[in-house]
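Grab a pencil and work through these exercises. Try each task before you read its solution.

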Amino acid sequence: MTQYLIRRVLQVIPTFIGATLLAFIIIQLTPGDFTDRFALDPNADAEQLQRLRENFGLDDPVLVQYFKWMWGIITAGYLGESFTYRAPVTEIIVPLIINSFTLVLISLILTYLLAIPIGIYQAVNQYRLGDQVWSFFAVVGLAIPNFFFILLLIVGVLYLQAPLREIAQGNAWYRPILDFLSYDLRNGLLFPVGGMRTTEIYDSLSWWQQVGDRLWHLILPTLVITTAGLSSLVRVVRGQVLDFLQSDFVRTARAKGLSERVVVYKHVLRNAISPVISGIGTVLPELVTGAGLVEFVYRWPGITPGFVIAIQQKDLYVVMGLLVLSAILLMIGNLISDVLLALVDPRIRYS
Amino acid sequence: MIGPVTSSSTPLRTLSRGQVVRLQFRKHRLAMVSLWVLGLLYLLAAFADFIAPYGESESFFRGAIDRSFAPPTRIHWRDPETGAQTRPFVYNVRSEINLETLQFEFKEDTSTRYPIRFFTQGQPYVPFPINLIPQTWRNTWGFNPTVTLRLFGVDKPATIFLWGADRLGRDVFGRILFGARITLTIGIFAAVLALVVGLVLGAVAGYYGGWLDDLIMRVVEVLSTIPALFLLLALRALFPLDAKSSVVFFVVILILGLIRWGGVARAVRGQVLSLREEDYVMAARGLGASDARIIFRHVLPATASFAIVSFSLLIPGFILTESGLSFLGLGISDPNASWGLMLAVAQEGGMQTFTSRPWMLIPGLFIFITVLAFNFVGDGLRDALDPKARRG
């Protein structure tokens, strides 16, 4: 196992070099050298430019530049500096990544927690009403663009605002409860329609109210991303369980007189689960980018909005940093799913 | 005699593979319905200029007729005085301030009726299919026939907006049809590109093996390591962000195709690995066929089922990506229409006023329907081409 792990980790290295080289080439090809931009910009920070020039060897050949840049990442985690924010790239992108991954991880966990029972339910009740209802939802979930879905949810919340506000602002017994629950509820907003927290009042809240406020803001985007993940995963689980329900060992188990429950959960699920787990690797990139446009609409300060802004402002090192970091995260995701697969499925040999 | 020998009076029909596939596909009801829906959408897109009452960028904004965010025009079928059925007509609208909500609202001016005219005149346009020829070619040939015939319309100053107007007072219904041209063709072209590159490189990798295989598969791996959306955005940044829509159209096709060929290549390589050991490939090699001939005449045709299915399933993915890109403002740009862009424009003016103009969300419905239809057609094709999934 250890050997397998080491080999698997070593395999990642050429891919990493390839991905970073690709990112580097793209950035090199992007028209408009930033030094030109600085020459025209009266507010240019000559010191910053000098620092970048030294650190990245901007006068050296491209390949030398790449190695200098790479060396900086490996030894000091130095990704360059942002022109727009006049700060090290790391300082700017680390919060973006933390924000995105809170969203993605919660959604990912929810997706798996829900997809497996739903998929099993569908397979056991194949072609019955329950199966068809869930299949219908899955088909719809696959076809609806994430950014459109979140827009629809936001519009829905806004439609409810006027009637809810009347109820919420009436002189009723439940008013203190609403005040206690959320700032937005008092204004008739069932859920917040954007952002990570209610900026107007966040600082005046006690810590547990702050936690509540943040969770409240997570609900809509999580719902959208989870639906997207569920739609594809439920199909996989359903297909897998169906395949195994018809296998010989299941017939044997039933013939032995085991209860259907034991057959499904002990015999079928153990076998059906492995591709689902290895699927984490394929779901992860979808989630990183799937969260993307949702973040954009919901004004969630995550990776994708940061990336789009950086591209629009030609903030090259921020773009590079985000490309490299998302590539690393994806590779880690694939690595984890391979290792999980090896742990779950004893048939996989490590040689 | 070819085919089964039967003694009964009605001879058994033997079907070709194509006939079997077509028969199987027809049994997939959702797929058939989807095919019709898609056909209709493409037809609407092709004849958008004729069907839409206004041109793609014809706007009623800050002029004599101001229709910024005008709601869908009410069409009257009955005479308001007698209540009898009459030919459909609309009223002119005036924008008035609502003193309660302090927002502008369009009020109908019931003094004059404007009947809806069919086969009427509008802005001139170059009809389909002549408009498929690039403009520059048409200009050099001096071949620019224009038509003014439109399916329906009303006399000015009244306007007819079936699905309301956007901020610049442009017809949402018409722009959805014009947007369909972009969205529906980008998906297909990008899928063709991804498929061709994927098939050829996958076949080459699988057939030759060795360092070529390693190289191609490494490239696929590297491409899949960077999240597709970011790769797309970074590649998009190589081209001027404010480029003309006609240029962006091809740039987006190129980028989309080059990002997604990896999955096709990987699957084709797997198939080719086993195909190249087949007897008929051996035979072809023994007969002295060249590698190119073996790949293109013997190996690749065997992957046709896979190619057809993945083609139909690539398209909806590309449609989603293209609309996402336009939604971010990095795809097709104003004054041209694309469904994603129209949704982005819908956000102008802030979220809080969204409820006063829900018609701006209709383009999203079209993305949804199109992707759904392509998914169903893809499923239908997959089932029809899979001998194990035959329906009786």
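**Exercise 1. Find which elements of chain B have the lowest and the highest mean pLDDT.**

Step 1: Know the score: pLDDT is the predictor's confidence in each residue, from 0 to 100. Helices (H or I, at least four residues) and strands (E, at least two) are DSSP runs, numbered from the N terminus.

Step 2: Compare the elements of chain B. Strand β3 (residues 103–115) comes out lowest with a mean of 81, while helix α2 (residues 29–46) is highest with 92.

Step 3: Chain B averages a pLDDT of 84, and 94% of its residues score at least 70. Where pLDDT is low, the predicted coordinates should not be read in detail.

Some ground rules: this is a predicted model, where local features need pLDDT of at least 70 and side-chain atom pairs count only at pLDDT 80 or more, while totals for chains, interfaces and linings use all residues. Residues are numbered from 1 along each chain as its sequence is written, chains are lettered from A and ligands numbered from 1 in the order written, and side-chain values use heavy atoms, leaving out hydrogens and water.

**Exercise 2. Describe the contact between chain B and chain A.**

Step 1: Count residues. Contact means heavy atoms within 4.5 Å; chain B puts in 41 residues and chain A 42.

Step 2: Look at the area. Buried area is the accessible area (1.4 Å probe) that two parts lose on being put together, summed over both. Here that is about 3,900 Å², with 81% coming from carbon and sulfur atoms.

Step 3: Look for a salt bridge (a side-chain nitrogen of Lys or Arg within 4 Å of a carboxyl oxygen of Asp or Glu). The count between the chains is one, and B:D379 and A:R235 make it with their side chains (3.3 Å, N to O).

Step 4: Ask which elements of chain B give two or more residues to this side. They are α6 (210–225), α7 (228–236), α11 (304–327) and α13 (362–385). The largest share, nine residues, is from α13(B).

**Exercise 3. Decide whether α7(B) is buried or exposed, then zoom in on B:R236.**

Step 1: Set the cut-offs: buried means under 20% relative accessible area, exposed over 50%, partly exposed in between (1.4 Å probe, protein chains only).

Step 2: Check the helix. Eight of the nine residues of α7(B) are buried, so the rest of the structure largely encloses this helix. B:L229, B:F230 and B:L231 are among them.

Step 3: Now B:R236, which sits in α7 of chain B. B:R236 counts as buried because its relative accessible area is 1%. Its side chain reaches the backbone oxygen of B:L330 at 2.6 Å. Setting aside neighbours within four places in sequence, the contacts of B:R236 include B:L241, B:V248 and B:G331.

**Exercise 4. Work out what covers the buried residues of α12(B).**

Step 1: Helix α12 (residues 339–346) of chain B has eight of its eight residues buried. B:W339 and B:M342 are among those.

Step 2: The cover includes α7 (146–169) of chain A, together with α5 (172–208), α11 and α13 of chain B.

**Exercise 5. Classify B:P115 and list its contacts.**

Step 1: B:P115 belongs to strand β3 of chain B. With a relative accessible area of 22%, B:P115 is partly exposed.

Step 2: Apart from neighbours within four places in sequence, B:P115 is in contact with B:R87, B:P88, B:F89, B:G153 and B:V154.

Notes:
A polar contact is a pair of N or O atoms within 3.5 Å; within protein, one must be able to donate a hydrogen and the other to accept it, and residues adjacent in sequence count only if both atoms are side-chain atoms.
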